[in-house]
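Biologist: I'm new to this one, so please walk me through how to read it, feature by feature.

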Amino acid sequence: MLAYLLMSGIATGALYAMMAIGLVLVYRSTGHINFSHGELFMFGGFIAYTFFVILGVPYFLSLILAVIGGFVLGILSDRAVYRPLIKAPPLTMVLATVGFSFFLKGIARYFWGSMEGGDYVAFPAAMDPSPIPIGSIMVFPQQLLILAGAIVFVVGFTIFFRMTRAGKMMQATSENPTAAYLSGIRVERVYTLTWGAGSAIAAAAAVLMAPMTLLSPDVGFQLLLKAFAATVLGGLGSMPGAIVGGLLVGILESLGGGYVHSGVQDVSAFIVIIIVLILRPAGIFGVRNIRDT
Amino acid sequence: MKARRHFLSTMSAALIASMCVVGAANAEVGVTDKEIKIGALGVLTGPLAKYGNTVYDGIETVYEEANKSGGIHGRQLVYVREDDRCQAAEAVGAAKKLIHQHKVFMIHGGACSNASLAAKPEIVATKVPWVITASTAPSLTYPVTPHIFTTMLAGWMESYAQVQYAVEKGMKRVAIIAQHDNWGRSRYDPLMEAFKLHGIEPVANEEIVPDPADATAIALRIQAAKADAVILIAFPKAAVVAVRDMYKIGYKPFMIGGSTVGDVGLFTKNVGIPGATDNLHAVSTIGYAADDPAVAKWKKLVEAKYSGDTFNIYHMFGIASGQFVVEALRRAGKDLTRDAFNKAASNLSVNTDVYGGPITCTPTNHQCHNTAAWFGLVNGTTKRLATTIVTR
């Protein structure tokens, strides 16, 4: 039982971690929580659905196209919604991101909402969906793909941040936007890139997860909550914290659901988060305060 | 002489006019020589729009067929839709608009139970006949209101049918996987009542959220309880994850699904793993799968009339209800009044083209549909396996 629960917890936690990375990315750069992150995830999933299921494009190509689509959507959302409000009070930005989430949900519902007679669509697995043995347990190949995909994206983003000029500019902007601006970095462009990157990684997570569940316009909110829990648990603003937090939330849910009761599965992680925050308010990887631009 | 003639002609005109007015006052609201105006009350926009529009598309298709064959005693049926957005406050306004502005003869519709319950007092006060199509709250028709009927199974009936079916199949160790949100509770509570009535205790009682990413923990707990049957009360999204994860761990109990997975073919496609739903039997309000040749006529008509629609169970809710209303209007006679309609509907049994049993109303029972049908896969095709007459 433990092996099954750990495997499921890690696979689900990897998804939470990917979502959390996108949240942290935007938060670190802009100081804002993107409350439309769940809907960007959902939209990325539907972009992949369009390519994979409707147009018959291969799964992995659909994944790449969804990531590109997510990136473009992130950039568009920055230009259309967030940039005009860049100097607005934080509450305005909260409302803007919440409003944008409803907008995306409405668009998704209009185009994909009743394609299969329900408010959800099935997203076929990338490979044979039958479970396969790994040691003493059975797992879905898609679960392994989620793990592999999460590792690839986390490593990829780490390399991007550490090795590329754009990544370093994003890091510098997140550390100190004013200093970054004075040293010639076009901060607004970095923000745009950040929204795009956050949205792209959400799209990747959606394409990995969709074959395990069904895809619906409302799928994003629950994931946003879990990702938010992961970032708080790991330490708001910490990239390693997002990864560890995501995995911990996934594992705690799984163990709580298995050993205590299924009724606590959804809340077990939040209970632990409350305890952690009482003992360590900044989260496991507590980070410095984000400075305002 | 001239003045007298003028007086007489004026009086005659006034008399004729007053007779017309009296005649009009005696005619039933929403009924003319040429048409009967019927109102649809339900969700037409927003996330749940399909629960309204699709049902009403089914009703309107039946009306159109009746109109093509000359109407009801020469009158064409006109269907006016008002949106309650699945919200109580909106439903009251929509009901008032139908009754007082559109001046409909009757209301034929009702999707979300909370909205229908909110609209009920206005409909009761105005005594407008109301045939409910999709709302499942039992208090809409019990205790009986003389002019309110339903052609949908009440929420509790599905749960009772699930327990009854488990017992009929000889299952000894029955487990539950249920959502505990508002929708889930409306089925879970009657389910527990039914367990009690049959004198059995569930061996495991697990909770699932509507949007789970994983249900391995639930599957393991039920497997550990050695359940030979599992009753599912969950939306398709949750049920898909639960069924997949039970299959993943190699656990294959007899699964008794609710109406949310009643389209077993579609659900199997959503699960996406060959063999994972072989042991699933699911209850449904309707009597035929959407691709069953027995309902091909209606599928063709609906899809031709509404190019965006793919024929499904919601259309069938509307078709069954529409056939009941058309027959009740016929039986009410040429001199159609609301009282005549209520009387006809209260003493009517109609074998529709799409339900597994007749819609039967009596003066003391306006919960007119009580036949639950069971579906499962036979050689890869969704088939009706049995029917259950549900009683409390």
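Modeller: Let's begin with domains, whose bounds come from an automatic or database domain assignment. This is a predicted model, where local features need pLDDT of at least 70 and side-chain atom pairs count only at pLDDT 80 or more, while totals for chains, interfaces and linings use all residues. Residues are numbered from 1 along each chain as its sequence is written, and chains are lettered from A and ligands numbered from 1 in the order in which they are written.

Biologist: Which domains is chain B divided into?

Modeller: Domain 1 takes in 35–153 + 293–361, and domain 2 takes in 156–284 + 374–389. Their C-alpha centres lie 30 Å apart. Six residues from domain 1 and eight from domain 2 of chain B make the contact, where two residues count as touching if their C-beta atoms, placed from the backbone, lie within 7 Å.

Biologist: And how many residues of chain A are in contact with chain B?

Modeller: There, 34 residues of chain A meet 28 residues of chain B. On the chain A side, the elements giving two or more residues are α1 (2–30), α9 (219–234), α10 (239–260) and α11 (265–279); α1(A) gives the most, with five. Helices (H or I, at least four residues) and strands (E, at least two) are DSSP runs, numbered from the N terminus. By class, that side has 16 nonpolar, 15 polar and three charged residues. Ala, Val, Leu, Ile, Met, Phe, Trp, Tyr, Cys and Pro count as nonpolar, Asp, Glu, Lys and Arg as charged, and the others, Gly among them, as polar.

Biologist: How do I read two packed helices?

Modeller: You describe them by the angle between their axes and the distance between the axes. Axes are lines fitted to C-alpha atoms, for helices over the stretch in contact, and angles run from 0 to 180 degrees between N-to-C directions. Take α9(A) and α11(A): their axes come within 10 Å and cross at roughly 25°, so the two are roughly parallel (angles under 35 degrees; over 145 is roughly antiparallel, 65 to 115 roughly perpendicular and the rest oblique). Ala229(A), Val232(A) and Leu233(A) of α9(A) meet residues of α11(A) including Phe270(A) and Ile273(A).

Biologist: How do α5(A) and α6(A) cross?

Modeller: The axes of α5 (141–163) and α6 (165–175) of chain A come within 5 Å and cross at roughly 80°, so these helices are roughly perpendicular. Among the residues in contact are Phe160(A) of α5(A) and Met170(A) of α6(A).

Biologist: Now the sheet. What should I look for?

Modeller: Strands pair through backbone hydrogen bonds, either parallel or antiparallel. Here an open sheet of seven strands runs β7-β6-β8-β9-β10-β13-β14 (chain B), with mixed pairing; two strands pair if DSSP finds at least two bridges between them. β7 (204–207) and β14 (381–389) of chain B stand at the edges with a single partner each, so one side of each has no neighbour in the sheet. Helix α9 (264–271) of chain B packs on this sheet, touching β10, β13 (371–378) and β14 of chain B.

Biologist: Which way do its strands run?

Modeller: β9 (254–257) and β10 (280–284) of chain B pair in the parallel sense over three bridges, and Ile256(B) stands opposite His281(B). β13(B) and β14(B) run antiparallel, joined by eight bridges, with Ala372(B) opposite Thr388(B). They form a hairpin with two residues between them, and Asn379(B) in the turn has a positive phi of about 50°.
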